[in-house]
Amino acid sequence: MVSIFVHRNGQTQQVTSLDRTWLNPAAGAIVWVDLSDPSIPESLILSDTFAFHPLSVEDAMSKLQYPKAEAYDGYLYVILHGIESTQAEHRFATHDVDFFVGPNYLVTVHDGDSRSIADLRGHATRNSKILSEGAVALLHRIVDTMVDHYRPEMDKLEDRLDALEAEIFRTGDPKLVRRILDEKQQVASLRRIVTPQRDVVARLARRDFVDVSTEMSFRFRDVYDHLVRIADDALMFQDRITGMLDAHLSNVSFRLNEVMKVLTLVTVLFMPPTLIAGIWGMNVPLPHLRGGDAAQFWWVLGAMIAVVAGMVVVFRSRRWI
């Protein structure tokens, strides 16, 4: 789907077709073209109407590209990632948004799941300020909204880690290791996106590109600060999950050792009675203790109890049990 917005004479309108004369900065118009999950014919606007470089068009049409910023002849090409939560699975995923920033136009390409662009697209005609400040300011609005959506997802992730951590020490269920590894995988994928995205926004904040004015660089610095905090939180979460995994494995190992100690103790305590019973149960003449035949059973039983009691005393004295 292609959505075209043009700001002229103090008003923003949504139009069905793009007039090439609007792309001339002297025309006094500001154009925003949004391609949401574009088809092949719709994507031709990138190469035919705007004449973007084939490499940037190829990257924009690919399914996944990591964040980056590149200056081409006449425009700036930026890839950043938004975040999307899947409530049913309690997981989140990132999706890339491609930006083509020209002197008086902005072209966005995404898969249709961008909440930030959908919100601004819905308010563009009602709030003329969204486009009136220029293409770079519109880029900042979208990026700032995208980054703001990271914080609620990070808070949800922290809540899940708190619950998982409490469950580790409460139950020690061996199946928890799968959940821990799933969370670790999510945090690792988040770091792979946030770290280069932070670097891209840092370049915009440092005015590495001539299209970014001093005023806009100040705005991008605020976005950069948010991304720095998110990147630091992601690093902290990764260290925390690693510690949780180590604690879980230690807890499971400790429980296993306790079980093995009990089983070993039972086995060791029953070895002497088994030996005594085996010796006195042989079908050969054996020396009789005091008393008749009936008294021999009690002598053997007493010997078994005495040996077991002695072993328990020795084990306790050595603090083995």
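## A network of salt bridges

Glu133, Arg141, Glu215 and Arg219 are joined in a network of salt bridges, a salt bridge being a side-chain nitrogen of Lys or Arg within 4 Å of a carboxyl oxygen of Asp or Glu. The model is predicted: local features need pLDDT of at least 70, side-chain atom pairs count only at pLDDT 80 or more, and totals for chains, interfaces and linings use all residues. Residues are numbered from 1 along each chain as its sequence is written, and side-chain values use heavy atoms, with hydrogens and water left out.

Helices (H or I, at least four residues) and strands (E, at least two) are DSSP runs, numbered from the N terminus.

Arg219 is partly exposed, with a relative accessible area of 24%, and Glu133 is partly exposed at 33%. Here buried means under 20% relative accessible area, exposed over 50%, and partly exposed in between (1.4 Å probe, protein chains only).

## Other salt bridges

By the rule given above, the count comes to 13 salt bridges. One of them joins the side chains of Asp59 and Lys68, at 2.7 Å from N to O. Asp59 is buried, with a relative accessible area of 15%, whereas Lys68 is partly exposed at 21%.

Asp155 forms a salt bridge with Arg151, where the closest N and O atoms are 3.8 Å apart. Because Asp155 and Arg151 are four residues apart in helix α6 (residues 150-170), about one helical turn separates them. Asp155 has 32% relative accessibility and counts as partly exposed; Arg151, at 31%, is also partly exposed.

## A nonpolar surface patch

Leu275, Ile279, Trp280, Met282, Leu289 and Trp299 make a nonpolar surface patch of about 580 Å². Patches are made of residues with over 30% relative accessible area and no salt bridge; like charges are joined within 9 Å, and nonpolar side chains (Val, Leu, Ile, Met, Phe, Trp, Tyr) within 5 Å. Accessible areas come from the Shrake-Rupley method with a 1.4 Å probe, and for residues only the protein chains shown count as cover.

Helix α8 gives the most to the nonpolar patch, with three residues. Trp280 is placed in helix α8 and is partly exposed, with a relative accessible area of 38%.
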